[in-house]
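Please read the points below alongside the model.

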Amino acid sequence: MPIIEALCAHVERNATSWHVPGHKNGTLFEGLPSFFEWDKTELRGLDDFHYPEEAIYEAKLLLRQVYEARDSHFLINGSTVGNWAMLAAVSQRGDRIYVQRNSHKSVFNALEWLGLSPILLGPEIDPSTGISGNVSRETLEEALTTFPGGVAVFLTSPTYYGETARIEELLPFTTASGIPLLIDEAHGAHFGEAFGVRSAFELGATAVVQSAHKTLPALTMGAWIHERFTDDERRRLTRALQAFQTSSPSYLLMASLDFAREYREKWTVSNMKSVRTSHEHLHQQINQLTDITAFTFDDWSRMILSCEEYSGSQLIEALADQGLDAEFALGPHVVCILPLRSIEPFEQDTWINQIQLAIETLKAEGIPDKRYMEQPFMGKIKVSSLACPLDQLEDAEAVEQTFEQSVGLVSLETIIPYPPGIPLILRGERITAEHITMIEHYINTSIHLQGGEFLHQGKLRVIQEGIRE
């Protein structure tokens, strides 16, 4: 672990700090937590994050080997900066990008600020759960035919529910079109041969970004990119990462990424099979309980719970009251990200007891809340463009209209249920009655919404009189 070794060597010097940061190796005053002494800046022997030649460079080479990438890059601003940088690497202002509609908000922010034109690809809907999944080959083919001239396809795999895209089916279309396939694989840093689910990068994607911190033992915001870009694209990627990431990188974050890489590298098919068996046993135990169901999609470490007649919001609160903090709730579902290790029998017994108590608490509260809804517009329209190009939004005249009056008008705001962070309405998108139904539902059921300056006054900011031609 080159970065960790370099940090240890520096700490052992016990040198006096005449440099930033201001806590002075944790010695500014007594009582500072011990981790402060590991929070360093780019000093002699610690390398240069943006131009690595020593420990950080060695750690990058090891990371590249694990994922068999042409090159890999550490990220200290999360997968968000990776999404921005991947798009910047392959496009110029005004270019057309084919993008999955149920992508993270960071993707749509990048599209707008990089001056790109999105063609939206609607996901398929799982018929048994109503959960939005991935883009089909038919949808991608339709987009490439109906809106030709795009410079990249940008997809999300796995989804927040753990469903992976069928990369083998999609790759021939991007290859035939001569454009890169970029994947937001934020929730897939653990994918690979040992885990039993292949990464989109293994399957041929041009570049993927992975949030190591989401499923591996890395600190929050720790992520990385794996890519097989052309030389020119890699130069643009490097410039973008230097511009978009902080010039004061956290060595705590980098050290945790170095550790996560080694942890991931030690996995074997045999030991991960044992981990999977323990997870599946937990699922079986939960499904023996009454009124609750546990299931997974492709990622077996991501468990989805639903409790008969109760909303996901109610269930996640009941679980939290019993000491079980899940990832997020939306509609009737609660998404739980389990630890990537064997779950001991005593843990399973404890968790099952906590789940039972949560269900009993829900029942004791009386009438269940049946007011949950999935996003009904997802999957209806497979391929679309924005009603107003992003580059015209800043010049558009804004007015506030009531929810009812906003139907049919173009939104100047992005409205996002968070978590997980998939926009309900995009800036430049035409507002539908279904959008308003969902907004009112989220407000009535206390779902946290980001965006919407006048949302809780029952209004949206819109373009009142169309858009400029």
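1. Basis. This is a predicted model, in which local features need pLDDT of at least 70, side-chain atom pairs count only at pLDDT 80 or more, and totals for chains, interfaces and linings use all residues. Residues are numbered from 1 along each chain as its sequence is written, and side-chain values use heavy atoms, with hydrogens and water left out.

2. Helices α11 and α12. The axes of α11 (residues 312-321) and α12 (residues 345-364) come within 8 Å and cross at roughly 125°. This makes α11 oblique to α12 (angles under 35 degrees count as roughly parallel, over 145 as roughly antiparallel, 65 to 115 as roughly perpendicular and the rest as oblique). Axes are lines fitted to C-alpha atoms, for helices over the stretch in contact, and angles run from 0 to 180 degrees between N-to-C directions. Helices (H or I, at least four residues) and strands (E, at least two) are DSSP runs, numbered from the N terminus.

3. Residues of that contact. On the α11 side they are Gln314, Leu315, Ala318 and Leu319, and on the α12 side Ile355, Ala358 and Leu362 (contact means heavy atoms within 4.5 Å). By class, the contact of α11 with α12 has six nonpolar residues, one polar and no charged (Ala, Val, Leu, Ile, Met, Phe, Trp, Tyr, Cys and Pro count as nonpolar, Asp, Glu, Lys and Arg as charged, and the others, Gly among them, as polar).

4. Helices α10 and α12. Here the axes of α10 (residues 269-287) and α12 come within 11 Å and cross at roughly 30°, which makes α10 roughly parallel to α12. Ser278, His281, Leu282, Gln285 and Ile286 of α10 meet Gln348, Asp349, Trp351, Ile352 and Ile355 of α12. The contact of α10 with α12 comprises five nonpolar, four polar and one charged residue.

5. Threonine 156. This residue lies in strand β4 (residues 152-156) and is buried, at 4% relative accessible area (buried means under 20%, exposed over 50%, partly exposed in between, with a 1.4 Å probe and protein chains only). Not counting residues up to four places away in sequence, threonine 156 touches Gln100, Asn102, Ser103, His104, Asn134 and Asp184.

6. Arginine 93. Arginine 93 sits in the loop between α3 (78-90) and β2 (96-100) and counts as exposed, with 63% relative accessibility. Leaving aside neighbours within four places in sequence, arginine 93 is in contact with Trp113, Leu114, Gly115 and Leu116. A polar atom of the arginine 93 side chain lies 3.3 Å from the backbone oxygen of tryptophan 113.

Conventions
Polar contact = N/O pair within 3.5 Å; in protein donor to acceptor, adjacent residues only side chain to side chain.
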